[in-house]
Amino acid sequence: MTAKLFIGTVVNPLALGEIQILENVAVAINKSGNITSITAPNSPDYERTVTCESIVRLPKHAFIIPGFIDCHIHSPQYKYAGTGTDVPLMNWLNKYAFPTERRFLDDADFATKTYSRLIKRCLSNGTTTACFFATIHLFPTLNFVSLIREAGMRAFVGKVSMDQNSPEYYIEDTNKAISAADEFVKAVLETSSDASTSLVTPVITPRFLPTCSPQLLKGLAAIAKKYDVPIQSHMSEALDEIEYVHQLYGKPDPEIFAENGLLTRKTIMAHSIHLSDDDIKNLRDHGTGIAHCPLSNYFFADGILRTRHLLRSGIKIGLGSDIAGGYSVSILENMRHAVISSKILASQRKRTIGTANKESDETDEISYKDAFYLATVGGAQVLNIDHVVGTIEVGKAFDAIIVHCADDNGNGIGGMEIWSDDTVESLFEKFINLGGVENIKSVYVAGNKVV
Ligand code: GUN
Ligand code: FE
């Protein structure tokens, strides 16, 4: 039975660099929030479909797109988002990240306020799914899960694990870290009893190699295997981090993660900037995906992700805001930075190898359509939920953004101008390049209106 019907234009990511425009279709959603049909106006079924009690008719200059997916975001760091990007990564953790995250242990009001604001901000920016790092604290992180469930967001949540090279106020004992991670996963799974609570998936979350002993890494890998849950961490992010790991173990990050059983088909590795050909093969063979955090990478990574090269090599890639390493929760903004940083990379390589003005299959550039694909389907692939979300398609959940480009008088909203010769495609391109929260009229997760 149709519970909700949306009549308007759909813009879907079809493949890398390709979009699909379905003009004035009727999208029917059932009670479970799944898309049951998408009917074109000239189809014989159309009239029958459009008799539903709850109909949303999109105005002119509006369209439906799949919700954005943020594959890497630190929820406690939202407290200082927009500030504190003045030092390299390893110093930044001690100066900003660890002291802030420590506060979530015993200041419940602060934790609830910060987390609630973040969830609201993500949803209003069109992020319908996010993959979060919380803190090392078990109960505050379970409270975070409850807040996400109340808001109706789809999410992956990790209680962070770390047992070495960390300040004494923010570190766990190895055995306790392993049992707390187990308890966290168990508690989230045990409370995932219905359609709404099961929108949250627990994630095993070793912070990164400097702060996790081999014993902890192995213990966490065993838990991920036992419950068949995803794993997330940071890999080959910045030169100071890589040097640190090299001093500890004399090996590159991917080798260590693989040795300890943490590179799986369900692993999400943030950053992964400095990869050798062997590392790339290693990731591909394990089916591990990358959370590309372009904005954060400008500040900490000492390099630009070779997005196009990695995609060509068969690696799954989604986008991540990496709050507060990246200062914006907006996936739109991160899409723009994914494009711009790829252009910088391409121009650097042209200068180095003298290929200016030559069209090349080996280009490093990605387009706004590629970025849209990464923000939706790519993220869904990295999180292994591409059978559920990522496109507006029959059989998938209705996780969607209703975009309005013009007001009732036909004037462009926010940064967008409307001209008489605009097409759906030109409006969509403008939204990706110039749009913002002002254009995000409403947001749905699993068929429920969350904004
Ligand atoms: N590596 C380890 N922890 C962090 C973190 O909180 N942010 C970023 N960007 N990198 C990390
Ligand atoms: Fe991060």
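1. Thr-211 sits in the loop that runs between strand E9 (200-206) and helix H6 (214-227). Helices (H or I, at least four residues) and strands (E, at least two) are DSSP runs, numbered from the N terminus. The model is a predicted one: local features need pLDDT of at least 70, side-chain atom pairs count only at pLDDT 80 or more, and totals for chains, interfaces and linings use all residues. Residue numbers start from 1 along each chain as its sequence is written, while chains are lettered from A and ligands numbered from 1 in the order in which they are written.

2. Is Thr-211 buried or exposed? Thr-211 counts as buried because it has 22 C-beta neighbours inside 10 Å. The cut-off for buried is 20 or more other C-beta atoms within 10 Å of the residue's own, with exposed at 12 or fewer and partly exposed in between; C-beta atoms are placed from the backbone. Apart from neighbours within four places in sequence, Thr-211 is in contact (C-beta atoms, placed from the backbone, within 7 Å) with Met-162, Gln-164, Asn-165 and Ser-166.

3. His-74 lies 137 residues from Thr-211 along the chain, and their C-alpha atoms are separated by 16 Å. His-74 is also one of the residues that surround ligand 1. Others there include Leu-89, Leu-93, Ala-97, Arg-207, Phe-208, His-234 and Glu-237; membership requires a C-beta atom, placed from the backbone, within 6 Å of the molecule.

4. Helix H2 (89-102) and helix H10 (294-300) are the elements that give two or more residues to the shell around ligand 1. H2 gives the most, with three residues. By type, the shell holds five nonpolar, four polar and three charged residues. Here Ala, Val, Leu, Ile, Met, Phe, Trp, Tyr, Cys and Pro count as nonpolar, Asp, Glu, Lys and Arg as charged, and the others, Gly among them, as polar.

5. Helix H13 (residues 368-382) has a kink of about 40 degrees centred on Leu-374, the bend being the angle between axes fitted to the seven residues ending there and the seven starting there. Of the 15 residues of H13, 13 are buried. Asn-384, which follows H13, has a positive phi, near 60 degrees.

6. The largest nonpolar core has 119 residues, of which Val-27, Val-157 and Met-335 touch the most other members. Such a core is a set of buried Ala, Val, Leu, Ile, Met, Phe, Trp, Tyr and Cys residues joined through C-beta atoms within 7 Å. H13 supplies the largest share of this core, eight residues.

How values were computed. Two residues are in contact if their C-beta atoms, placed from the backbone, lie within 7 Å.
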